[in-house]
Every structure is written in structure tokens, then in C-alpha cells.
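This report describes the architecture of one protein chain, from its overall layout to selected residues. Please keep the sequence and the model in view while reading.

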Amino acid sequence: MKLLFMAQTSISEDQKTLKQWAYILGYLGAIPFLSLAVTLLLVDTQSSILVAPALHLYGAIILSFLGGLHWGRIACKQNSKPSDKWFLIYSVIPSLVGWSSYLLSDIWQEAASMLIVGFIISYAIDIRFLKLGDWQSWMKPLRTNLTLVACFSLTVLLLH
């Protein structure tokens, strides 16, 4: 009985550590969004020529990462179903949206809107998996906060 209790405590501590690392790394990943958006608000038009593409590219990269989460989720699943192919298909869409948005950014002023929509759709899909219990419950506040930071920063880019 004592060994069972120790094993459960160990798992709980491991989960706590994992959550802490996810939060630390997630919020560190928000720094480029915020710093580039604030810089974009503060610099002159000539300097923004360097900052705006950096913010757009970072948004595209992070949106791709969010799609990759689903690829990894399916790849790690022990009991996959034929319907899981739809999640694999979905998992590549964010990277295609991000890449297309970046390519269009020189000719279409509103290309950042593709990223904003991509982040919102990705968030809605991730919330569905949270409700189904496929992801840890601590993901919801993390995803909510990081999505808000990304969308705020990309809105600054869009309005610049």
C-alpha cells in the first residue's frame, strides 16, 4: 500500500514539474511576440521595415508549431483510429497558412489577418481536445494567454 502511494506522489510531482516547464517555456516564447509588437509601436516607419517581417515570421513559425502539436499527439497515441487521419491532415494546415501568409505579406497589407484567424481556429480546436480530456487541464489557461498575446501582437502588425 505504501509503495502505491509513493508512486502516485511521484507522478503528481512529475506532472507538476512538467506543467511548470510548459508555463516557463510558453511564456518565454511569448517574449518575441510582445517585444516585436512594442518595438513596432515605438519605432519610425523606416525601422519598422525590419521589425514587421520579423513579427510576421515569428507568428508563422508559432502557428506551425501549434499544428505540430496535433501531429505529435497522434504519433504518440497507442490506440489510433482511422478517423485520426483527419487530425494529421489538420496538423499541416497551420504551417501552410503561416507560410502562405508570410509569402503574401509583401503584396497584401492584411496578410497578418491570416495568422490571427489561424491562431483563433487553432485555439478553438485545442479547447475541444481539452474538453475531451485528450490534453492536460493546465493547457487551457496557458493556451488562452498565449493565444491572446499572439493575436494582440499580430493585430499591432496588422494595424501598422
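Does Tyr58 count as buried or exposed, and at what relative accessibility? In this predicted model, Tyr58 has a relative accessibility of 18% and therefore counts as buried, because the limit for that class is under 20%.

## Overall layout

The protein chain contains five helices and zero strands. Read from the N terminus, its elements follow the order α-α-α-α-α. The C-alpha trace extends over about 70 × 35 × 20 Å along its principal axes. The chain has 160 residues, and 32% of them count as buried. Its accessible surface amounts to about 10,100 Å², and carbon and sulfur atoms account for 70% of that area. When contacts between residues at least 6 apart in sequence are considered, 69% of them connect residues at least 24 apart.

## Nonpolar cores

The largest nonpolar core comprises 22 residues, and the members that touch the most others are Phe33, Leu40, Leu55, Phe119, Leu154 and Leu157. Two or more residues of this core are supplied by each of α1 (2-42), α2, α4 and α5 (139-159). Helix α2 provides the largest share, seven residues.

Apart from residues up to four places away in sequence, Leu55 touches Phe33, Leu36, Ala37, Leu40, Ser153, Leu154 and Leu157.

## Aromatic pairs

Six aromatic pairs are found in a search of the whole structure.

| Ring pair | Centre to centre | Angle between planes | Arrangement |
|---|---|---|---|
| Phe33 and Tyr58 | 4.9 Å | 70 degrees | edge-to-face |
| Phe33 and Phe119 | 6.0 Å | 80 degrees | edge-to-face |

The pair of Phe33 and Tyr58 joins distant parts of the chain, since Phe33 belongs to helix α1 and Tyr58 to helix α2, 25 residues apart. Phe33 counts as buried because its relative accessibility is 4%. Elsewhere, ring pairs connect Tyr23, Tyr27 and Trp138 into a cluster.

Helix α3 covers residues 85-104, 20 residues in number. The distance from its first C-alpha to its last is 29 Å, close to the 28 Å expected at 1.5 Å a residue.

Which residues of α3 are buried? They are Tyr90, Ser91, Pro94, Gly98 and Ser101. These residues lie on the same side of α3, because the arc they cover around the axis is only 110 degrees. On the face of α3 turned away from the buried side are the exposed residues Trp86, Trp99 and Leu103.

Ser101 is located in helix α3 and counts as buried because its relative accessibility is 0%. With neighbours within four places in sequence set aside, Ser101 is in contact with His56, Ala111, Ala112, Met114 and Leu115.

Asp126 is located in helix α4. This residue also has a relative accessibility of 0%, so Asp126 counts as buried. What does Asp126 contact, leaving aside its neighbours within four places in sequence? Its contacts on that basis are His70, Trp135 and Arg143.

Note on methods. Residues numbered from 1 in each chain as written. Predicted model: local features only at pLDDT ≥ 70, side-chain atom pairs only at ≥ 80, totals over all residues. Heavy atoms only, no water. Helix = DSSP H or I, 4+ residues; strand = E, 2+ residues; numbered from the N terminus. Expected span 1.5 Å × (residues − 1). Buried < 20%, exposed > 50% of the residue type's maximum accessible area, 1.4 Å probe, protein only. Arc of directions from axis to C-beta. Contact = heavy atoms within 4.5 Å. Core = buried A, V, L, I, M, F, W, Y, C linked by side-chain atoms within 4.5 Å. Areas by Shrake-Rupley, 256 points an atom, 1.4 Å probe, with all protein chains shown as cover. Phe/Tyr/Trp six-rings, centres within 6.5 Å; stacked < 30°, edge-to-face > 60°.
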